[in-house]
Every structure is written in C-alpha cells, then in structure tokens.
Amino acid sequence: MESKLGLNFDLVNEARQSAAHVAADTQRFIDLHTTVTVERTVCRLLGIDGVNDMDVPMPNVVVDYLSANALLPQGAAWVIGNAILETGLDPQGVAEAIDRGELDLCKLPAHDEAEVRKALQPYVEATMARINRNVAARNEYLGRFGDKQGPYLYIIVATGNIYEDIIQAKAGAKQGADIIAVIRTTGQSLLDYVPYGATTEGFGGTYATQENFRLMRAALDEVGEEQHRYIRLCNYCSGLCMPEIAAMGALERLDVMLNDALYGILFRDINMQRTIVDQYFSRIINGYAGVIINTGEDNYLTTDDAITSAHTVLASQFLNEAFAKCAGMREEQMGLGHAFEMDPAVENTFLYELAQAQMAREIFPNAPLKYMPPTKYMTGNIFRGHIQDALFNMVTILTNQKLHLLGMMTEAIHTPFMSDRALSIENAQYIFRTMKDLGGELTFKEGGIIRTRANEVLTKATELLKEIENLGLFTTLERGIFADVKRPKDGGKGLNGVVIKDECYFNPFIEIMKGKVANE
C-alpha cells in the first residue's frame, strides 16, 4: 500500500521490532509461569462444569484445592489426568469427588507423563471437536449469506437481564447492526470466578456466563436466518478470568472478544504478572476459535489527552500486535483499538483524527481495526452529539476502519434506547453509502496538517517503544508511561494466583491450538 501520509516505514519497522523485542522478553516470563485462571480454563476445556452446593464453580473447586495443597505448579492437566488413571473417573467425576472430600490427590501415585496424556486424550479431543464444529458453523453461515464489505456496524446492549438483552439485540440486528456486544456487569472483571447460568440482575451490563453466551448466540442465529446475514456476537474476556471467558466463547461460538494485553493492569489494577500470563492463553484460544480480538487503546484517551498522548495509543497497538503474534494469532484477527476522542473545541481536531485513523490503517493494513466513538466530550446536547458521531462515521469510511462501534447521541445521559440505536445506525448507513469511495479519491498535501501530524505521532511512538525496550514492560508499567497510570509489579489484584511451573507441567490445549485456526 502506498502511504497517503508519506509515512517513514523505516520508523514503522523500528517500532515493530522494538515491540517484538518487548514481547519476546516478556514471553520468557510467561513461559515459566501459570495462574489459577489458566488452570481453571484447562479444567473447563476438559469438561469440568457446573457449581457445587455452595454455588462455587467446579473449576474453582478444583483449582482452589490444587492451590491449597501446593499442586498448582504441576498444572491441572497433569493432576486430573493422573487422577483419571487412578480412579477411572472422568474429569467431572474427579472434580465432584474433590468437592465431596473423597479424593486426596496428594496421596495418589504418580504415573508416567505419556500415560497421563493418553488418559486425557478423549476429553481433549471432544473439546477440540466442539470448537471445530463451531468454527465450521460460522463458516457455513458466512458461505451461505456472504460477509459484509466495508465497516461492521457494532452496537452494545447492557440491560443487566440476558432476556431483555436478547430483545434489544434482535431489534438492533433488524435495524442493521452487524455485531452485538453484550457489555459485562460493572465489576465482573474483578471477580476471580465466572458466574454460572442465565442471569437477570447485572448493573450497567449483564454477567458474562456460558449460559448467557449460549442464549444470545441462539437468538442471533435466529434473527440472522430471518435477515439472511450472519450476526456476530461480542463479549469481554478481560479481567481476572480472561482465558476462562475466552474458552467459554470458543465453546459457544462467539465471534469477537475484548482482549487487551495491558487493559486490566492499567484500568482495573489487576496485577501485571497475572494479566500478562493470562492474556497469552486467552489469545491462543481466541486465535484457534477464529475470534477477532478487540484491544483497548481507546481507554487511554479517557484518562489522558488524545492530542498530546496519541503516540501512546500507537505504541500500545504495536505491543498488542506483538503479544498476539507471540500467541500465534493472525493479523486478520487483531482488532487493534483506537478512538475519536479529541476535544471538539480545539481547531482542526477533525484533521488530527483523520490523520490518526489513516495512520493506523496504513501501519496495520491486515488488521480489522476497531474504531471507538466520541464519549469523553459528549454532553447532554443530543444535537451536537449526533454531529460528533457523524464526523466519527466520516473518518471511519474515509480510512477503511472495520469494527465501527456506533456512537449514541444520548451517550452522556442514559443507557441508549432502541430508538437511539436506530438513529445511530441510520446516521452511519447514510454516511457510509454516500461517501463509500471518497477515501480513495482523496490525497493529503505534502507538508500539510494531516501528514505532519501522522509522522509526528509515529516518531514519538517509535521513541517510546525504544524506551520500553530498554526498560522492559514491567518497569514501564511501574513508571506510569501508559495512560499516566502507575502500577507496581507486586501490587494489584490477583498476584497470589501466579506460580512457577513444575518440571512435569504441560497444557495440552496450548500445544494443540497455538498458531492454528480450527478447520484450516
């Protein structure tokens, strides 16, 4: 692609190389460690499900037992496989025996690793077959209905009640939405377990549970058949249960997942060691299941200034790309994030926004970029808000963004009504239709505001990534270089869930999934 911005691609290559070095350095830490969440995910993928009499999820029952008995470093796969050999139970039976206090794993004789792997093989294969069927079903729908060209219209539902969410999601799909994102209830990212079953009592969103995923997937398939379109389902695998929710999404055929390497550290004060290990497994699962991940760089601009700190967004995009590549993801699944968040009172901010979006498109040409609407400077003036959203829509179509989260004119007032969503969809469709090929008609003046702005941001991002390369990721986060938020390496939530792996440790799902996509 010829650069309309006259970007210095030597700098792009330097930035990408620095990010790759940061990711490779951090990967050495990842490879030595596991977490309670990773091991709960292994339990789920082996078929352990449900809750006990106290409503504790069975994967938590198993992993809490492993932690309490110093067995976690060996990994859930080895311990459960060894127990299967000794007891003849399946993984669910092993979990239930642990819960009843009938099985002392510490007293079981250790079997050879090859025997343990063989005992697990039927359960591993059953899960892989289920995920493969889900990917095949998505591909069949897309083959039958075709896939949309141009930006996907992406809306959110967030009532707290999955059954009400379904009503709103169906309405949004009929109005023209291509992706339905179910916002998680406030604070779920800080829960160190995944709630169970269908839920109706979320606040500011709906609990991410496997049953809620199943219900919404079925509803979107139903409306998709009516509309002769495949409607994609999005949720959030961030927080303390990142890989568990990725696994649930793979099992229930979600298509898009919010999944950032740094978001939980910066914005939820989750321990950096815990997050960086968890994001690796979550991305391997998402990669295999054909899920597009959405990264969270847009959040930087809600806490920092979008004009002065734009380079931190680009630097984070490079890092998220590098970490995703370490997990074997394809560029076509990397929905790298950014946002239309500059102060509308400042002159020429539309030009700066256009420069930022075009720069992201040129630097990450294969990525389905996720573009977020104005929120920080939305007010109760719904008329100005609708215009701000229209300008955002214009940048999207001019720069070929792919995942376009629709802005709502009532963004700063209340959870949007279905009618608000309809107006937002209509606004975007009108602009996308009437400006469809305008981006290809435009060039940017050499030495002009747009080219100058993009190259300034690229230069600063490259310098920042070199600094991070020298410091290492953990020190960078401790110093508050991203989003002006400082996090201690040994602080935050979830550090006690990180352990060094034992020599016998293995994770069969990483071995099978990494670097592959189901049915390819």
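Ala, Val, Leu, Ile, Met, Phe, Trp, Tyr, Cys and Pro count as nonpolar; Asp, Glu, Lys and Arg count as charged; the others, Gly among them, count as polar. The views below show a predicted model.

**View 1. The largest pocket holds about 1100 Å³ of space.** Its lining has 39 residues. Closest to the pocket centre are Ile 156, Ile 183, Tyr 236, Asn 299 and Met 372. Strand S2 (152-157), helix H10 (263-268) and strand S9 (370-372) each give two or more residues to this lining. S2 provides the largest share, four residues. By class, the lining has 15 nonpolar, 16 polar and eight charged residues.

**View 2. The second largest pocket holds about 520 Å³ of space.** Here 22 residues form the lining. Gly 150, Pro 151, Ile 397, Asn 400 and Lys 436 are the closest to the centre. The lining divides into seven nonpolar, eight polar and seven charged residues.

**View 3. Thr 206 sits in the loop between strand S3 (179-182) and helix H8 (210-227).** Thr 206 counts as buried because its relative accessibility is 0%, and buried means under 20%. Leaving aside neighbours within four places in sequence, Thr 206 is in contact with several residues, including Thr 159, Gly 160, Asn 161, Ile 162 and Asp 165. Val 182, Ile 183, Arg 184, Thr 185 and Gln 188 are also among its contacts.

Methods:
Residues are numbered from 1 along each chain as its sequence is written. This is a predicted model: local features need pLDDT of at least 70, side-chain atom pairs count only at pLDDT 80 or more; totals for chains, interfaces and linings use all residues. Side-chain values use heavy atoms; hydrogens and water are left out. Buried means under 20% relative accessible area, exposed over 50%, partly exposed in between (1.4 Å probe, protein chains only). Contact means heavy atoms within 4.5 Å. On a 1 Å grid over the protein atoms alone, a cavity is a set of points where a 1.4 Å probe fits but cannot get out, and a pocket is an open set with protein on both sides within 12 Å along at least five of seven lines; lining residues have an atom within 4 Å of a point. Grid points are joined across faces, edges and corners, and a volume is the space filled by probe spheres set on the points.
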